Amino acid sequence: MSEVPWKSCRRLTGYPTVTWRMFVVLRWFEECRVKEFPFVTVADVSIPYFGTTLKALERHGFIFSSPGRDEVCFSITGVGQRALRAYSKPPRGMGGREALCPRCKSRAKEQFPHSRGVWCTECRRESVRKYQKMKAARRAGAICPCCRERPLHRTSSGRLRGYCRECHNSKERARQQEKRQHHE
Ligand SMILES: [Zn+2]
Ligand SMILES: [Zn+2]
């Protein structure tokens with residue numbers, strides 16, 4: 001079972017507060033049940049303060065005790081199994097439901113070194129493409145902001161420039177000239 005990255009305690013709606021220790025012990029009880037020796041005694045474990053944790057688990061009805069041959073035995077209950085399943089899911093914002101992209105609801109949100117994206121990589125790229133397309137469409141019929149009479153220059157690759165061909169060329173010439181002067 002992979003380690004769930006949560007510390008101290010958690011509280012899920014409809015469940016009591018569960019400490020990490022309670023969770024680990026409960027999980028251990030469940031492993032014992034699966035391995036078909038569901039009844040364990042306190043002597044079976046070497047976890048510090050195990051007794052306190054046991055009391056807490058018993059108080060919540062996660063485990064029940066029954067007198068064994070020599071010692072009291074404990075076993076996980078149905079309530080305990082349900083709680084274990086609920087708490088086995090990663091906490092919110094740590095790989096849980098909220099880590100999923102809200103747009104496609106299937107892929108994980110993009111991970112950056114210090115933060116997490118709003119969407120997944122695919123959705124972000126798609127939205128950027130859509131935005132650029134929309135912007136291009138809006139600009140398609142636009143006129144040059146410099147001379148305010150000729151349409152924007154479309155390059156051979158289909159890209160729209162910020163100015164008409166004439167204005168673009170004259171600005172380019174001016175820039176080259178300035179560059180030359182700078183180097184002289
Ligand atoms: Zn997505
Ligand atoms: Zn122009």
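**View 1. The helices and strands of the predicted model.** Helices, which are runs of at least four residues, and strands, which are runs of at least two, are taken from DSSP and numbered from the N terminus. By this definition the protein chain, seen here as a predicted model, holds 5 helices and 5 strands. Read from the N terminus on, these elements follow the order β-β-α-β-α-β-β-α-α-α. Among contacts between residues at least 6 apart in sequence, 34% join residues that are at least 24 apart, and buried residues make up 12% of the 184 residues in the chain.

**View 2. The largest nonpolar core.** This core has 14 residues, and those that touch the most other members are Met-22, Leu-26, Phe-29, Leu-57, Phe-62 and Ile-63. Two or more residues are given to the core by each of α1 (20–34), α2 (50–59), β5 (72–76) and α3 (78–88), and the largest share, 5 residues, comes from α1.

**View 3. The surroundings of Phe-62.** Which residues is Phe-62 in contact with, leaving aside its neighbours within four places in sequence? They are Leu-26, Leu-57, Ile-76, Thr-77, Val-79, Gly-80 and Ala-83. Of these contacts, Leu-26 and Leu-57 are, like Phe-62 itself, among the core residues that touch the most other members.

**View 4. Helix α5, residues 165–183.** Helix α5 is hardly covered, since the count of buried residues among its 19 residues is 1, where a residue counts as buried if 20 or more other C-beta atoms lie within 10 Å of its own.

Methods: Residues are numbered from 1 along each chain as its sequence is written. Chains are lettered from A and ligands numbered from 1 in the order in which they are written. This is a predicted model: local features need pLDDT of at least 70, side-chain atom pairs count only at pLDDT 80 or more; totals for chains, interfaces and linings use all residues. A nonpolar core is a set of buried Ala, Val, Leu, Ile, Met, Phe, Trp, Tyr and Cys residues joined through C-beta atoms within 7 Å. Two residues are in contact if their C-beta atoms, placed from the backbone, lie within 7 Å.
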